Amino acid sequence: MTVNDLLWFLYLYPLRMLSVVGRRGLIYGIGRLAEPFVQFRARERRNLVMRRMLAAQCAGITQDQALKISRQFIANSNFRMLDDLVLSSPSFQRMLRCEGVQGIEHLERAKSAGKGVIVLTAHFCACRIAKRHLATIGYPMLSVRDPRPPGDWWGRLGRRILEPRYIELLQAVIGEAVYVHDRGFTLKIVQRLRSGGLVNIHFDGQSGARAVQWPLLGVPRWFSTGIFDIIRLSGCAVLPMLCLGRSTAFRIVFGPMLDMVQVSERDEFVRANLPSFVQTIEQQIRDNPGEWEQWTSF
Amino acid sequence: MDEFLSGAPVDGNPAAASRDTMGRIQKVFVDSLRASAGERDLPYEQKLDEADSVDSIAVLEFMAAVEKEFGMAIESEFLDFDFLRDLPRLASYLEERMGRRPGSQT
């Protein structure tokens, strides 16, 4: 058993049990106490994040800012994991404190077209709590996910016992989801859209058989083009969403619908619409660099 | 009584599917999946499985091509991979839907 396995064990058993009995204050208290240790354990990751931020010249982050933001990044990752425990609690609703949902009129307008809505996000720490909150106020959202946990954290014992438990936790926390390795998962997405529903796609994720390279913050990055095929074939609306904060205080901001350039040819459709998608998430990251979770894969 | 008028669900009776409709679907299938599926001579179901495992968007394109060929949108409750994979059932469903159209002959 490695140190990582021991920490995962504490997270997945004693801490999770506390969340089941609905003690968010206690969980957060432990999180705050553990923060210096977490920052120390994650120092290599923090340095990696700093290097990536400085390499992304278009983000306009200075050396001093990168140091501060990378610490914030680690703290946010830590509290995002605690928020996952909060969400796994049967009484999670009373533990979420939403400070406001802005731009709900954009969401209503997008829905009113009747062809469903793709809610476009980047990987921000508060996305999960925001989606669960939206579901409780009448806006359930189907999440599109890669089933693999985003890291290789485990020792041999952890991989056998703890990783399946973590996957099970994630599935409970995320709620309604479709997995990119499921048979015919694109049909499930279109099914939801045709019934006028909402589908959330993290546009900065890197899954899918078809991808195209485009600069994000000045650094070349692969973007899956499957989303564009779904939009082209379903005629759905696309709406950006930004989620910020923690379960103790978070807010959700919907932007206006993206104007899609309508072209019937597939590659042309991607070329015509990709820049505005990238620009949308790029702006969100520039404005909130400490809350973006993808610096390590950048 | 007409199923449409009676409000009964239409989910296709495989036994009633005509060869002509199945042939049309298979032609659409070959045309739409040409780029995604290999050249191997496999049955319809296996080729659809293969296409889905390589690129799930190909299945969506096949669905769109079927809708275009038959001039109708497949109802959302039938947007299911196993349903699309069952050729006689899909053919029967499309025939029943065509039969429900105003002015069409059944």
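Reader: What is the mean pLDDT of chain B, and what share of its residues reach 70 or more?
Author: Good place to begin, since this is a predicted model. In chain B, 72% of the residues reach a pLDDT of 70 or more. The mean pLDDT for chain B is 79.

Reader: Which element of chain B has the lowest mean pLDDT, and which the highest?
Author: At the top sits helix H5 (residues 81-85) of chain B, with a mean of 95. Over residues 1-10 of chain B, pLDDT stays under 50, and the model has seven contacts beyond four places in sequence for them. Helix H1 covers residues 3-6 of chain B, and its mean is 35. So, going by the mean pLDDT of each element, the lowest is H1 of chain B and the highest is H5 of chain B.

Reader: And for the complex, what ipTM and pTM does the predictor give?
Author: Those two scores are given for the complex. The pTM is 0.89, and the ipTM is 0.81.

Reader: How many helices and how many strands does chain B have?
Author: Reading along the sequence of chain B, you get the pattern α-α-α-α-α-α. Of the contacts in chain B between residues at least 6 apart in sequence, 64% join residues at least 24 apart. Buried residues make up 29% of its 106 residues. The count for chain B is six helices and zero strands.

Reader: Which helix of chain B gives the largest share of the side that touches chain A?
Author: The contact takes 15 residues from chain A and 13 residues from chain B. On the chain B side, helix H3 (44-54) and helix H4 (57-70) each supply at least two residues. By class, that side has eight nonpolar, two polar and three charged residues. The largest share, five residues, comes from H4 of chain B.

Reader: Which residues touch the most other members of the largest nonpolar core?
Author: That core has 90 residues, and helix H4 (residues 63-88) of chain A gives the most to it, nine residues. In soluble globular proteins, nonpolar side chains tend to be buried together. Beyond its neighbours within four places in sequence, A:Val199 has contacts that include A:Ile118, A:Met141 and A:Ile189. The residues touching the most other members are A:Ile118, A:Val199, A:Leu239, A:Cys243 and B:Val59.

Reader: In which sense do strands E6 and E7 of chain A pair?
Author: Strand E6 takes in residues 211-216 of chain A and strand E7 residues 219-224, with six bridges between them. Across the pair, A:Trp214 stands opposite A:Arg221 in E7 of chain A. The sense of the pairing is antiparallel.

Reader: Is A:Leu217 buried or exposed, and why?
Author: You'll find A:Leu217 in the loop between E6 and E7 of chain A, a hairpin with two residues between the strands. Its phi is near 55 degrees, a positive value in a residue other than glycine. The cut-off for burial is 20 or more C-beta neighbours. Because A:Leu217 has 22 of them inside 10 Å, it counts as buried.

Reader: What about A:Asp287: buried or exposed?
Author: A:Asp287 lies in helix H10 (residues 266-287) of chain A. The C-alpha atoms of A:Asp287 and A:Ala59 are separated by 9.0 Å, though the two are 228 residues apart along the chain. An exposed residue has 12 or fewer C-beta neighbours. Since A:Asp287 has 11 inside 10 Å, it counts as exposed.

Definitions and conventions. Residues numbered from 1 in each chain as written. Chains lettered and ligands numbered in written order. Predicted model: local features only at pLDDT ≥ 70, side-chain atom pairs only at ≥ 80, totals over all residues. Helix = DSSP H or I, 4+ residues; strand = E, 2+ residues; numbered from the N terminus. Contact = placed C-beta atoms within 7 Å. pLDDT = per-residue confidence, 0-100. Core = buried A, V, L, I, M, F, W, Y, C linked by C-beta atoms within 7 Å. Pairing = 2+ DSSP bridges. Nonpolar A, V, L, I, M, F, W, Y, C, P; charged D, E, K, R; others polar.
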